[in-house]
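Here's a quick tour of a structure, with a focus on rings, strands and a bit of surface. Have a look at the model first, then read on.

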Amino acid sequence: FFPSNNKMTNWNRIKEIERINEHELRYNISDSASWHYRYHQSAYIYVGNLQFDLTEGDLIAVFSQFGEVVDCNLIRDKDTGRPKGFAFIAFEDQKSTSLAVDNMNGAVLLQRTLNVDHVLRYRKPKHFKDRENKNTVNEYGDIDEDDETYEERRRKIWDYQKYYQHLQAETHALDQAAMDAVNTKYLQQKSAQETAFKQTQSALDEQIALRKLKRELLRAKRTESTAQRQRKDSSNSNSNSNSNRKSRTNEQQQ
């Protein structure tokens, strides 16, 4: 239940994606059951029907609203260098691809309706280069480029080393005051947890003491009841014994 026909026109793909999105929204389809989930391991999208004057910078500016763009391959004619009207864009966060597809597919940019879709596999595997020999249905993707070209272009768009160095610098930039604030917050949370635990434990101790008191009262009541029965039985026994003695005395006198 997802677009997969390569022979469809742009308008057909656009309308099919819109129809599926409306269906999922209407029936509240979960993420794992969504058609997007098929592409959850690919961070690339296809953008087609572009205006030919757009550059890589223009595309990054448009699509960066959905996440950090880490690659933008605007396909150009090898002889003239002119854009062919479609591109492949990758995001740092794969979830950004779904946002871009849902929001930009069918959107109008410079009087042209965009065709935006997921890419199941972006780079063509090394073990086969001939598209005709493939048994699986290919969607947008399978770009044939060497590793050096791929890495060089991505470094120009998103410098991995600079990005991680920036993260490390931000981490080391935490001054002692910030660390003290973090420690203070931790100690406050721990103190609050200990207080809550003590209160809970105190309430449990009170309940246990109350149960013990109830058991002692019931035990005392049972002991008193047993003693009363024993006294009553003893009294009845003494009364019967006296009656028997009186009876025997009267018989003897007669």
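## Aromatic rings

Before counting rings, a cut-off: rings of Phe, Tyr and Trp (its six-membered ring) pair if their centres lie within 6.5 Å. Bear in mind that this is a predicted model. With that rule, searching the whole structure turns up eight aromatic pairs. Phenylalanine 63 and phenylalanine 66 make one of these, with 6.4 Å centre to centre and 55 degrees between the planes, so the pair counts as tilted rather than edge-to-face, a label kept for planes over 60 degrees apart. Phenylalanine 63 and phenylalanine 66 are buried.

Tyrosine 122 and tyrosine 150 form an aromatic pair too, also tilted, at 6.3 Å centre to centre and 35 degrees between the planes. This pair ties together distant parts of the chain: tyrosine 122 sits in the loop between β6 (115-118) and α4 (147-157), while tyrosine 150 belongs to helix α4, 28 residues apart. Tyrosine 122 and tyrosine 150 are both buried.

## Strand β1

How do the side chains sort themselves out? In a regular strand they alternate between the two faces of the sheet.

## Neighbours of β1

β1 pairs with strand β3 (residues 83-91) in the antiparallel sense, over five bridges. Here isoleucine 45 stands opposite isoleucine 89 of β3.

How many bridges join β1 to β6? There are four, and β1 and β6 run antiparallel. Valine 47 has valine 116 as its bridge partner in β6.

Leu210, Leu213 and Leu217 make a nonpolar surface patch of about 290 Å². Leucine 210 is found in helix α6 (residues 176-253).

Why does leucine 210 count as partly exposed? Its relative accessible area is 46%, and the partly exposed class lies between buried, under 20%, and exposed, over 50%.

Technical notes. Residues numbered from 1 in each chain as written. Predicted model: local features only at pLDDT ≥ 70, side-chain atom pairs only at ≥ 80, totals over all residues. Heavy atoms only, no water. Phe/Tyr/Trp six-rings, centres within 6.5 Å; stacked < 30°, edge-to-face > 60°. Buried < 20%, exposed > 50% of the residue type's maximum accessible area, 1.4 Å probe, protein only. Helix = DSSP H or I, 4+ residues; strand = E, 2+ residues; numbered from the N terminus. Pairing = 2+ DSSP bridges. Patch = residues over 30% accessible without salt bridge, like charges linked within 9 Å, V, L, I, M, F, W, Y side chains within 5 Å. Areas by Shrake-Rupley, 256 points an atom, 1.4 Å probe, with all protein chains shown as cover. Salt bridge = Lys/Arg side-chain N within 4 Å of Asp/Glu carboxyl O.
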